[in-house]
Amino acid sequence: MTYCVTLSTSAEQCGVASGAVLASPNGTNVYATVRARAAADGQTSVGDASPASGTVKPYGTPGSAKVSGSNGAQDSQNVSYSWSYPTGAVDAKSIEVKVGTGAWTAKSGNGSDTHNTGGYSTSVTIKVRAKNSIGQYGPVDSVSLKSGAKTPPPPVTEVRVQEGIWHSCTQAPGESDNYDTGPIRCDGTPSVAGNTNMGGKWLDYADGWVQVSGCGPGYYSNWYQIAAGQHHAGRWVRGGGQKTNTVDVRDQNGGGIRC
């Protein structure tokens, strides 16, 4: 004698031995009815169906979800990560992702995302876990990521004509000496005492701090070369050496030019 079994989730199956295990979807309530089937002398007969069995909800192990990621690029506060469902014969109804101290968030499939850490060189841990049909969780997988480092600002050296001197006559490649003492002029523009803006080739205290890029060549090696984009860019202003220094010097971000 064999049996015909009908599950509430599938069609009738005959030839089922007593004690057999039948497949049914995880997480779905299921019950069964059974009919006995006998065969003799080439004849087969099937009895009436039994009353329905008790209802059960099958489930399996949730398996192990996986997470991977990559650190942020230079000057980026973001990190990238991806997650994947468990593989194999598991009961993974969903997987959940947790970013840093945030809440667990359900995901319906494999995927990827980015996260803004809110800072540079900032670490964050991404975690994932699978959940089965009855709410049981599998092991947590995690990855620690770090956002990109911020490029440090470039080193800067700046000069400013000294208070009390007020004005310094600048030079440029190919020019003869612009400075004349009788009376004091710079390329013909006379000097006026005090904190005024002289114009011409004078660099004045009133011009404020200007960035320099290096020192002049040869005879002008004690002069500072004014950087591109600055007032009097490409010209030189006397820093010392043959004559009295005319400028104060300051550095930012490790600048250290001295002429």
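View 1. Of the 259 residues in the chain, 31% are buried (under 20% relative accessible area with a 1.4 Å probe, counting protein chains only). This is a predicted model, where local features need pLDDT of at least 70, side-chain atom pairs count only at pLDDT 80 or more, and totals for chains, interfaces and linings use all residues. Residues are numbered from 1 along each chain as its sequence is written, and side-chain values use heavy atoms, without hydrogens and water.

**View 2. The outline of the chain.** The C-alpha atoms fill a box of roughly 140 × 30 × 25 Å along the principal axes. Look for strands here: the chain has 21 of them and zero helices (strands are DSSP runs of E with at least two residues, helices runs of H or I with at least four, numbered from the N terminus).

**View 3. The largest nonpolar core.** A nonpolar core is a set of buried Ala, Val, Leu, Ile, Met, Phe, Trp, Tyr and Cys residues joined through side-chain atoms within 4.5 Å. This one has 14 residues, and those touching the most other members include Tyr 81, Trp 83 and Val 97. Two or more residues each come from β6 (78–84), β7 (94–99), β10 (123–131) and β11 (141–146). The biggest giver is β10, with four residues.

**View 4. Around Val 97.** Beyond its neighbours within four places in sequence, Val 97 is in contact with several residues, among them Tyr 81, Trp 104, Ile 126 and Val 128 (contact means heavy atoms within 4.5 Å).

**View 5. A second core.** Tyr 205, Val 210, Val 237 and Cys 259 are among the 12 residues of a second, separate core.

Terms used
Buried means under 20% relative accessible area, exposed over 50%, partly exposed in between (1.4 Å probe, protein chains only).
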